[in-house]
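Work through the exercises below with the model open. Each task is followed by its solution in steps.

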Amino acid sequence: MLEHFGKALVDQGLIHEELVVLDPDVAASTKVTYFAERFPERFIRVGISEQDMIGIAAGLAASGKAPIACGFAMFVACRSWEQIANSVARPGLNVKIVGSHSGLSPSADGDSHQTFGDIAMMRVLPNMTVVVPADALETVEALRALVNTPGPAYLRLLRGSTPIAYVDECDYTLGKANVLAEGADTTVIANGVMAPHALDAAEQLSSGGISVRVLDMHTVKPLDADSIKKAASETGAIVTAEEHSVIGGLGGAVAEVLALEHPTPMAMVGIKDRFGESSRSYTALLEELGLTSEAIAEEVRGILKRRK
Amino acid sequence: MDAPIPISEAQLDDLRRIVLRTINKNQVLILTNIPRVPASVTSVLREISRRHKIPLSTLKRNAQILKEFNLIAYGDPPNFSGVELTELGRFISNLTISEDPTVLGNMVRTRSGLRPLGSVIRDLRKTVLQMIAEAGSGHLGASLSAVDILAVLYMMKMRHDPKNPFWPDRDRFILSKGHAAPALYAVLSEAGYISSENLMSLRALGSKLQGHPDIRTSGVDASTGSLGQGLSIGIGMALAAKMDGSSSRIYVLLGDGELDEGQVWEAALTASNHALDNLTAIVDRNGYQLTGRTEEIKKLESLSEKWTSFGWEAQEADGNDPASILDALNACDLTSGKPSVIIAHTTKGKGVSFMEGNRYSRKTPDAQELKRALMELA
């Protein structure tokens with residue numbers, strides 16, 4: 001995912017000459033090195049100081065640049081939340097914040113580096129757009145869309161190689177969910193790495209005669225409430241799946257829409273109010289915390305049983 | 001000029017016209033940009049050349065003419081001495097400034113015409129008192145300590161245009177100690193950004209004058225209020241100016257208590273690493289933070305040495321003396337290859353005897369205190 005991101009950043013840099021990239025000393029990990037090599041004069045090293053970096057990005061944006069501040073999600077988003085709130089979101093400046101190594105993807109590093117609250121923290125900020133791409137291809141499209149949309153935004157990315165949700169092409173519109181699979185019995189609303197897992201779950205369930213719609217809710221904010229309500233009325237049940245706490249993330253956002261506008265039976269797959277831990281294998285850690293296609297399928301079966 | 005000649009503003013205008021027929025625009029530029037502290041003629045001319053995009057050779061020729069007119073003095077190599085205005089030069093310099101930095105002696109351009117700076121500053125202090133009394137809350141002490149610095153910046157130093165607040169090459173100002181917002185609003189109003197009627201809406205629901213600075217207010221370059229964040233924003237603006245080849249300078253006013261925040265020192269490192277000589281930080285060193293003396297809560301001294309060791313060019317100034325502030329700001333223009341900081345020694349609550357010190361740090365004056373304070377400033 002980051003490899004694609006890093007190369008896509010160069011493409012965007014070629015198109016948008018006001019685009020500048022800021023790095024808090026993790027360039028080799030976030031893959032902004034491609035940009036640094038191509039546009040050294042537009043690449044700003046700030047050292048290990050994410051809060052300072054956010055302020056600098058705000059100043060650059062106030063002077064007409066299009067800064068992209070890339071760092072590990074835990075530090076660039078969570079540590080710098082208040083700087084993002086006051087220096088970026090409040091004045092509505094055109095700063096893109098890219099949080100790599102989000103969720104459980106820095107698995108071996110352990111829970112000091114793993115994020116389960118960044119989506120909640122970013123989506124609570126007025127003016128902020130929050131995007132969680134499902135795979136590498138969607139990351140490229142999301143970056144393009146964000147760069148072409150002025151205003152503050154958070155792009156949440158994963159380290160390492162990630163499963164594929166889009167094979168050849170990805171039709172991408174900010175704030176508009178993509179239907180990955182059609183179905184009538186239940187809708188799984190997922191994003192990030194859980195979107196391809198939701199597709200797997202739908203396949204598992206279809207062999208048992210259950211037809212599942214899968215929505216890729218890549219934009220958590222502004223949320224595509226219409227697709228959610230449509231899915232609720234057409235399929236009658238909603239299961240959310242995300243690599244984030246079940247508190248305040250995608251599941252929370254969907255629940256807010258349903259509870260207020262279209263009460264519907266609902267279940268959530270996500271991190272159940274706990275920290276992660278070190279794991280040499282990312283997949284094993286996802287399994288340990290119950291973030292699997294099997295867990296999604298289980299929730300779908302459960303919700304259908306309750307409905308009967 | 002042994003005895004002062006009483007002269008009306010109209011007569012001054014006539015005299016200015018006569019003088020401006022004798023000396024050309026570049027010569028005026030040189031006269032009005034000579035720092036009060038002696039600096040080498042080449043460095044002064046180079047700075048003017050950079051800021052105004054005029055060939056250095058042109059400026060050198062004109063400096064030679066000014067020297068022949070006995071308006072400036074400097075030594076030619078090898079007898080080096082810094083360039084200075086002669087007494088006559090100072091008079092002519094004050095007289096000629098009618099456009100850019102609007103200094104005329106101690107006269108500055110305000111929304112209500114040319115006025116002596118001292119009287120403008122007294123009025124600014126009165127306005128700040130009235131605004132905070134009207135709002136019912138606000139940081140009075142910290143606002144009063146910063147008035148002189150803000151007035152010198154907006155009325156004598158910075159290149160900005162109230163009619164064109166988004167002029168890309170303007171100098172920028174960030175009030176990192178955002179709680180001094182009333183002082184900023186008062187100065188912005190006097191400079192022509194905010195109508196004076198709006199000033200009394202400070203902190204009211206629906207007002208553009210927020211409790212802390214916000215870019216919704218015309219003339220405010222950055223939203224601040226959360227301490228520690230302004231210097232980083234200034235770095236971003238300074239980097240952008242460098243990338244664009246703009247001669248814009250960035251000024252950031254920090255509180256001394258604010259220096260407790262770690263982000264300030266992250267930013268201090270970043271600015272010197274990027275050699276941002278278009279960035280000037282000013283520390284309003286009034287010695288107090290909310291609950292007591294800075295030296296008792298979190299010792300800052302030796303403060304100049306701290307900045308110097310972080311790679312900054314540091315100077316000390318009297319932050320309640322406009323001439324001292326202006327000298328220090330002018331000297332910052334000549335610093336190259338690193339950012340500059342002015343430790344501006346001020347008195348918290350400056351200007352009203354019974355408010356000086358930390359007593360009115362957050363206290364709102366009642367009607368009687370306001371009356372007494374306004375009388376002192378009358």
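Helices (H or I, at least four residues) and strands (E, at least two) are DSSP runs, numbered from the N terminus. The model is predicted: local features need pLDDT of at least 70 and side-chain atom pairs count only at pLDDT 80 or more, while totals for chains, interfaces and linings use all residues. Residues are numbered from 1 along each chain as its sequence is written, and chains are lettered from A and ligands numbered from 1 in the order in which they are written.

**Exercise 1. Backbone exceptions**

Task: locate A:His101 and A:Asp273, and state whether each is buried or exposed.

Solution. Most residues other than glycine have a negative phi, and most peptide bonds are trans.
- Step 1: A:His101, not a glycine, has a positive phi of about 55°. A:His101 sits in the loop between β4 (96-100) and α7 (118-123) of chain A.
- Step 2: a residue is buried if 20 or more other C-beta atoms lie within 10 Å of its own, exposed if 12 or fewer, and partly exposed in between, with C-beta atoms placed from the backbone. A:His101 has 27 other C-beta atoms within 10 Å and is therefore buried.
- Step 3: A:Asp273, also not a glycine, has a positive phi of about 50°. Its place is the loop between β12 (266-271) and α12 (282-288) of chain A. A:Asp273 has 9 C-beta neighbours inside 10 Å, so it counts as exposed.
- Step 4: the peptide bond from A:Lys221 to A:Pro222 is cis, with omega near 0°. A:Pro222 is in the loop between β10 (219-221) and α10 (225-235) of chain A.
- Step 5: in chain B, a cis peptide bond with omega of about 5° joins B:Glu301 and B:Ser302.

**Exercise 2. A helix pair**

Task: describe how α9 and α13 of chain A pack.

Solution.
- Step 1: α9 (residues 194-207) and α13 (residues 293-307) of chain A have axes 8 Å apart, at an angle of about 55°. Axes are lines fitted to C-alpha atoms, for helices over the stretch in contact, and angles run from 0 to 180 degrees between N-to-C directions.
- Step 2: angles under 35 degrees count as roughly parallel, over 145 as roughly antiparallel, 65 to 115 as roughly perpendicular and the rest as oblique. α9(A) and α13(A) are therefore oblique to each other.
- Step 3: residues are in contact if their C-beta atoms, placed from the backbone, lie within 7 Å. From α9(A), residues including A:His197, A:Asp200 and A:Leu205 meet residues of α13(A), among them A:Ile296 and A:Val300.

**Exercise 3. A sheet of chain A**

Task: which strands stand at the edges of the open sheet of 7 strands in chain A?

Solution.
- Step 1: the order is β2-β1-β3-β4-β6-β5-β10, with mixed pairing; two strands pair if DSSP finds at least two bridges between them.
- Step 2: β2 (43-45) and β10 of chain A each have a single partner strand, so they stand at the edges.
- Step 3: the twist averages 20° from one strand to the next.
- Step 4: β1 (residues 19-23) and β2 of chain A run parallel, joined by 3 bridges. A:Asp23 has A:Arg45 in β2(A) as its bridge partner.
- Step 5: α4(A) packs on the sheet, touching β1 and β3 (66-72) of chain A.

**Exercise 4. The chain contact**

Task: which element gives the largest share of the side of chain A that touches chain B?

Solution.
- Step 1: 22 residues of chain A are in contact with 21 residues of chain B.
- Step 2: α4 (50-62) and α6 (81-89) of chain A are the elements giving two or more residues to that side of chain A.
- Step 3: the largest share, 9 residues, comes from α4(A).

Note on methods. Contact = placed C-beta atoms within 7 Å.
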